[in-house]
Amino acid sequence: MTFSAADHAAMARALQLAALGLNTTSPNPRVGCVLMRDGVIVGEGWHRRAGEPHAEIHALRQAGEAARGATVYVTLEPCSHHGRTPPCADALVEAGVARVVVAMDDPNPLVAGRGLACLRAAGIATEHGLLETEARELNLGFVSRMTRGRPWLRLKAAATLDGKTALENGVSQWITGPEARRDGHAWRARACAVLTGIGTVKEDDPQLSVRDVACERQPLRILIDARLDVSPSARILQGEPILIATASEDDARIASLSATGHRLIVLPNAAGKVDLPQLMSELGMLGLNEVHAEAGFKLNGSLLREGCVDELLLYLAPMLAGDAAHGLFNLAALTRLEDAARLDIRDLRQVGRDIRILARFAADLPAKR
């Protein structure tokens, strides 16, 4: 299918609009919409929050009567079902638009082609696939949840150039500079949840909140604590209630934490640890699209070994810490390089004095439906 330069420009603008909802739309996808008539933008909008109007509705309201006969560019197939808001496909039909171009089909089984079918049945010309890769990148968590039943998990870590996250005595603050730490908070802000383990809580006592960048809502905080060793005074337990994944069936401890508003999920595996793949499925059922993990050596290794990690976000500081310092991942020693996990570098840039690497494993994005 051939799209014009004007088509590309309009969809690029729709993607810019969709990105404005990067930190706010969870659990909904990030969607932008542009209406053009006679080569002029007559309406545009983006989805801001779940329960509020979708991008198409904002654009139609801005366009008013100018929507009739217009071409609609939307980054995700218009919905065709009643959720918290009415179907956008019906609204486009009622507005009398002439053509709808979508970047990607909606992976949500409740839509999955029905939105475009509704438009075609009303005589509206439809096309899809324009800047699809960019649209999928913007919603890789939503795509993951809809196609795999689990969120996209991004594992963030900061290390020295020789791959060390802390000195032998445990000192780790601060390996990276303020610019890298601020950038890390921006990645926290876009996530639906921030996950850590009890080891990190004991060693660093983190808040695990977004602080260094503007954020309208705080991501859910998730603690993996197999034996429920978390101290009542831990900073992660302060503020909004958190989700605790455990293997413990200590009814008294569970009741005590639940009484203060925290939610507990008991998911033991055969080894008495938390069943991490099952936890990912549970998080998908909770409507979480992107999970941002900031954990220690042991949990990082477990998440990798059990196939839970989709993406690595690594900050490397220009310093050396020595062989005895703590490493990044608790992984088994290899005897053959052929067995090493291979990654694709998706982004590489300098942030302050540090280097930021975004890398994915071979199967990066969920397959198209």
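**Sheet.** I traced an open sheet of nine strands with mixed pairing, in the order E11-E10-E9-E8-E12-E6-E13-E16-E15. Helices (H or I, at least four residues) and strands (E, at least two) are DSSP runs, numbered from the N terminus. Two strands pair if DSSP finds at least two bridges between them. Strand E11 (263-266) and strand E15 (343-351) stand at the edges with a single partner strand each, so one side of each has no neighbour in the sheet. On average, neighbouring strands are turned by 20° against each other, direction ignored.

**Basis.** This is a predicted model: local features need pLDDT of at least 70, side-chain atom pairs count only at pLDDT 80 or more, and totals for chains, interfaces and linings use all residues. Residues are numbered from 1 along each chain as its sequence is written, and side-chain values use heavy atoms, with hydrogens and water left out.

I looked up strand E8 (residues 193-197) and strand E9 (residues 220-224). They run parallel and are joined by five bridges. Val 194 stands opposite Arg 221 in E9.

**Helices on the sheet.** Helix H6 (residues 140-148) packs on the sheet and touches strand E6 (152-160), strand E12 (290-293) and strand E16 (354-361). Contact means heavy atoms within 4.5 Å. The direction of H6 makes about 130° with that of E6. Helix H11 (residues 297-305) also packs on the sheet, touching E6, E8, E9, E12, strand E13 (311-317) and E16. The direction of H11 makes about 115° with that of E8. Axes are lines fitted to C-alpha atoms, for helices over the stretch in contact, and angles run from 0 to 180 degrees between N-to-C directions.

**H3 and H4.** I checked the axes of helix H3 (residues 88-95) and helix H4 (residues 114-121): they come within 9 Å and cross at roughly 20°. H3 and H4 are therefore roughly parallel to each other (angles under 35 degrees). Ala 89, Asp 90, Leu 92 and Val 93 of H3 meet Gly 115, Cys 118 and Leu 119 of H4.

**H2.** Is helix H2 (residues 55-63) mostly covered or mostly uncovered? H2 is mostly covered, with seven of its nine residues buried (under 20% relative accessible area, 1.4 Å probe, protein chains only). I listed Ala 55, Glu 56, Ile 57, His 58, Ala 59, Leu 60 and Ala 63 as buried. The buried residues of H2 pack against strand E1 (32-37), strand E2 (40-46), strand E3 (71-74) and H3. Gly 64 follows H2, and its phi is positive, near 60°.

Terms used. Angles under 35 degrees count as roughly parallel, over 145 as roughly antiparallel, 65 to 115 as roughly perpendicular and the rest as oblique. Buried means under 20% relative accessible area, exposed over 50%, partly exposed in between (1.4 Å probe, protein chains only).
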